[in-house]
Amino acid sequence: MKKLTIITSALLIGTALGGPALAQTELSMWYHGAGNEVEGKLIGQIVSDFNASQSDWTVVVESFPQESYNDSVTAAALAGNLPDILDMDGPNMPNWAWAGYVQPLPIDEAKVASFLPGTKGIWDGQLYSIGLWDAAVALYARKSTLDELGLRVPTLDAPWTGEEFMAALDAAKASGKYEYAFDLGMNDMGEWYPYAFSPFLQSFGGDIVDRSTYKTAEGALNGDAALAFGAWWQKLFAEGYAPGTSESPADQTNGFIDGSFAFQWNGNWRAVATMAEVDDVMFLPAPDFGNGNKIGGGSWQFGVSATSDNPEGAAAFIEFAIQDTYLAAFSDAIGLVPSTPSAAQLTENYKEGGPLAVFFGLSNEQALLRPVTPGYVVQAKVFTKALADIANGADVADTLDAAVDEIDADIQKNDGYGH
Amino acid sequence: MATKLTRSNGAGWAFALPGVFLIAMFIIVPFLFGFWFSLTNQRLVSPNPTQFVGIENYQNLLGLAVITIEPERDDKGQVVRDDKGEIAYPRVRTITRSDAYPQYSGMREWFRWQWGDNANVVIASDVVFMKALANTFIFVLFIVPLQGGGALLLALLINQKLRGINAFRTIYFMPVVISIVVISLLWRFIYDGSDGLLNNILNVLSFGLFQPVDWLGRTDTALGAIIVMSAWQAVGFHMVIWLSGLQTIPPTLYEVAAIEGASGWQTFRYVTWPGLRNTAILVLIVITMQAFALFSQIDVMTKGGPLDATQTLVFQAVERGYGKQDISGGSAISVILFFMVLAISLTQRFLTRERKYG
Amino acid sequence: MAEISSRNRGLRLFARYLVLALVAVVFMFPLVFMVVSSFKPDGQLLADTSSFRAFLPVGDISLDNYRAAFERAPIGQFMFNSVMITMVTVTLSIGICSLAGFSFVFLDWSGRGVILSIVLATLIIPFETIAVPLLLVVSRLPWVGLDGVEWGWLNTYRVQIVPWIVDALTIFLFVQYFKDLPRELIEAARVEGASWLQVYARIVMPLSGPVLATAAILKSLKMYNEQYLWPLIVVQDEAHRPIMVGLGYFFQLNVAWGELMAYLTLISVPVLAFYLFMQRAFIASIASTGVKG
């Protein structure tokens, strides 16, 4: 044991000598983008600009791999070890606010008035988090595919109806040119499911949970609209329109690009890479199944931890970070939707006439947040399993009933999650 | 056994103490915490105060009932049959979601069998848990002989004096060197349903007759695929244990067997195998324990799907405790797992002990 | 006659090697895939998975993935952390567990049976199921270092080492092995007045080459390859992260498959080298006990 003490102590001393003594107050910040070089550089740039811009605070960033970021934060909260500033995935914010991990953001709401609705994290009437970008999902297609199959180009004002969409899939299937007419990325059984697929359910008229009370999912997730959605969903896989949950990651990445899929439901973070490979790629709005065409909104956002000793410093950094120039820089680098119209005009892809401008419209008009409730974390898991099971052939009504039971039981166990 | 020569309380405690203390501190104490959680409504993330709930978490997991459903009858009292001639039954949800049967509320069908015209349906409070339980047992039943036996064969194969045998020994051990998470990632490519490596190899070997199988996407092959991969990965690990056991067999015994003209099988049966008894117990127990803890493969490859065909207890414990923030429910699963495996290993020990004298 | 029998022997030898080689192919193919893929760009790598090209270094072969992987993650730091944590843990583990095993097998003390049963029962507890309570324990533990007493073990090497030193499997490994050692040797030494420590160090340890090697290999694999969930929740700073947490750096929204394969290949090298080294020790100890195959 003594040897061990010496080793660890020696290392401790080594790290202690590494940092210079600072007069400013240090603010720790956690970010989910470890391993993402582009994001790392941008965040680093913002931080060093901020540190140079004033003399009260020094922000120090620690980056985490995204796939395990939430676990790291939860563990740190349990151990009482949260940083001052942390970023969080939009739909998780209510859970963390409710649990007392984060505090309301002391920023004047007027400063974020022009922000896209999906970039503002509001819980219990207060702003808790704000995002530098939003993400969006679109129907990827080739212009040449639409021409060959004789399909009209859907627009935001006149999207495909559900029937038109299925007719398009039928045409693609009948052409015999594609391995699958449609790809949904079903192997990604994480947050992708509720983010990408629950808008379909909403377009049918259902929802994950009854948003008028947030006390039950009864009727929303197993009513007639949800059953119709479930039947449609099952048909996509049972009749071979789309690959199921066992799809290999290779196909999911390459299938649209190499022409195995006619259409793909995919995020705009893939748009830049796809444009480089497919000349005539088009990003089409979601089809309308009767209750409007919808996509999910809400991406990563910054907030201040409840245990921070310096919330005003944390807020000062966040205010600094949401300048248009940074929003535009992020968008240019990783292809995401900038949070404000003025920032959009500064970007390559989202300015008027830019190749991805359609996504800005998508985010502004179609985007619907995932249920804004602390129970969302559990509801997302239940929803994901239900959709995977239905895709694999489970009885639609039984599966949705079971999902409702589980969600309701969870809400009850948590005393209504503060609603 | 207790002779004066070995009797030594002081030295005995002193030698065992460091190990026992660390195990108590870092395994037993946390486990007791977990046991306590399982009797409360403790959440991973919550501002609500924790309450003692007794055995509620266990009831929610273990609740089982059998209901008998009579077939649907038309106006004349005739049994209604569907297009295929199968008897039509009212849906189970008409009972489990009816206010008339509050005792079955929230339960779901696990499986059913037919008895005369009626159907007997086993409904469970937590069908996913029940399936996880069943799958875990199936996994253990297959993996123990496959991995233990395979490893022994490998150990005997590799325990010969041949030029270059070390190279083979290293190769067989290689999959163990790679983390199971990584192995699972690689095998997702191998098991791919349309143009995966396995389907391609089988296709070539059968001269094109073999039709591609979606190994991880079918309820009847997914668990099997994971069993094969797991056996493949860890067989080298147990080969090493068998090898170290083989070294403890005195060479004189082999010499005697050779002089008496024993065949290869006889040598194995009467010299090698009896000499491996303690090793066999070790291998058997280690494989069983590891098999009950099946998690990483599921997490990377199937997430318990398709249709719960690969749900396992530890995967469910993690999914609930962390994913669904229900640390009390997750803890209850691990406590059940603990006592179940404890019962099994006590039985195992009892049986292996008996054979010694029998 | 002699000619035939030597021909037979040749055939038999050939058959033996054939079996060995076929089995070797079964165990190698995913790893060949891993290594070969690490030299290919993502697009080609994924396209190749559908044919035997997956095993061949053909097409656009380069070291680009390795270069990019080093830029993406501080691989050297991660590998240093993992190797350091593994070495310290394994060394302490072998010492403490073999002492405990020795005590359980050769010494007779009150409570021995009960304690051994409890220790072995902990084999059953999967780590995943105690991670959260263990986190609560270590976040409140004291540590006496050169700077005095500090509370909480988060963000250190020790939190990745100390809880892992002792495990039931390693103790069990020693117990089962010691049971096969001749007891008479020990009793004889005691008659001659050797202390227990001398018996342990001079008689039992020298006879324990195979089990020491086995325990070291198995423990080091566990420490090097399976430390994911634990460091994830107890280590927040990059400087203390081990290699398995580093894996997450390659799972972006678009997985960098080629770089991932390069990373996997790189991190496999030290374990393989360690195994080869231990195998030599292993074989040396086999030779010393004089066992023939």
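Predicted model: local features only at pLDDT ≥ 70, side-chain atom pairs only at ≥ 80, totals over all residues.
Helix axes here are lines fitted to C-alpha atoms over the stretch in contact, with angles running from 0 to 180 degrees between N-to-C directions. The crossing of α5(C) past α8(C) is left-handed. From α5(C), the residues that take part are L116(C), V119(C) and L120(C), and they meet A168(C), I171(C), F172(C) and V175(C) of α8(C). Sorted by class, this contact of α5(C) with α8(C) comes out as seven nonpolar residues, with no polar and no charged ones.

Chain C has another helix pair to look at. Helix α4 (residues 75-106) of chain C and helix α11 (residues 209-225) of chain C pack with their axes 9 Å apart, at an angle of about 145°. Here α4(C) goes past α11(C) in a right-handed crossing. On the α4(C) side the contact draws on M79(C), S82(C), V83(C), I85(C), T86(C), T89(C), V90(C), S93(C) and I94(C), while α11(C) puts in L212(C), A215(C), A216(C), K219(C), S220(C), M223(C) and Y224(C). Between α4(C) and α11(C), the contact residues split into 10 nonpolar, five polar and one charged.

Over in chain A, helix α8 (residues 224-238) and helix α16 (residues 396-413) have axes 9 Å apart and pack at about 125°. That angle makes α8(A) oblique to α16(A). The crossing of α8(A) past α16(A) is right-handed. What meets what? A226(A), L227(A), G230(A), A231(A) and Q234(A) of α8(A) come up against V396(A), A397(A) and L400(A) of α16(A). The class tally for α8(A) with α16(A) is six nonpolar residues, two polar and no charged.

Next come the nonpolar cores. The largest has 349 residues, and the members that touch the most others are L184(A), F197(A), W233(A), F263(A), W265(A), Y172(B) and F104(C). Apart from this core lies another, of 13 residues, which include V79(B), V92(B), I95(B) and M107(B).

A262(C) belongs to helix α14 (residues 257-289) of chain C. Its relative accessible area is 0%, so A262(C) is buried, the cut-off being under 20%. Along the chain A262(C) and A69(C) are 193 residues apart, yet their C-alpha atoms are separated by 7.1 Å. Neighbours within four places aside, A262(C) is in contact with S38(C), N65(C) and Y66(C).

The other one, L105(A), sits in the loop between β4 (102-103) and β5 (120-123) of chain A. With 6% relative accessibility, L105(A) counts as buried too. Its C-alpha atom is 8.0 Å from that of Q126(A), a residue 21 places away along the chain. Leaving out residues up to four places away in sequence, L105(A) touches L127(A), Y128(A), S129(A), I130(A), F302(A), G303(A), V304(A) and I318(A).

Chain B, finally, has some backbone details in its loops. G305(B) and P306(B) are joined by a cis peptide bond, with omega about -10°; P306(B) is placed in the loop between α12 (296-301) and α13 (313-323) of chain B. F207(B), a residue other than glycine, has a positive phi, near 55°. The loop that holds F207(B) runs between α7 (197-205) and α8 (222-246) of chain B. Q325(B), also not a glycine, has a positive phi near 60°, and is found in the loop between α13 and α14 (327-357) of chain B. Which of these residues is buried and which exposed? F207(B) is exposed, at 78% relative accessible area, whereas Q325(B), at 5% relative accessibility, counts as buried.

Definitions and conventions: Residues numbered from 1 in each chain as written. Chains lettered and ligands numbered in written order. Heavy atoms only, no water. Core = buried A, V, L, I, M, F, W, Y, C linked by side-chain atoms within 4.5 Å. Buried < 20%, exposed > 50% of the residue type's maximum accessible area, 1.4 Å probe, protein only. Helix = DSSP H or I, 4+ residues; strand = E, 2+ residues; numbered from the N terminus. Parallel < 35°, antiparallel > 145°, perpendicular 65-115°, else oblique. Left-handed = near helix turned anticlockwise from the far one by under 90°. Contact = heavy atoms within 4.5 Å. Nonpolar A, V, L, I, M, F, W, Y, C, P; charged D, E, K, R; others polar.
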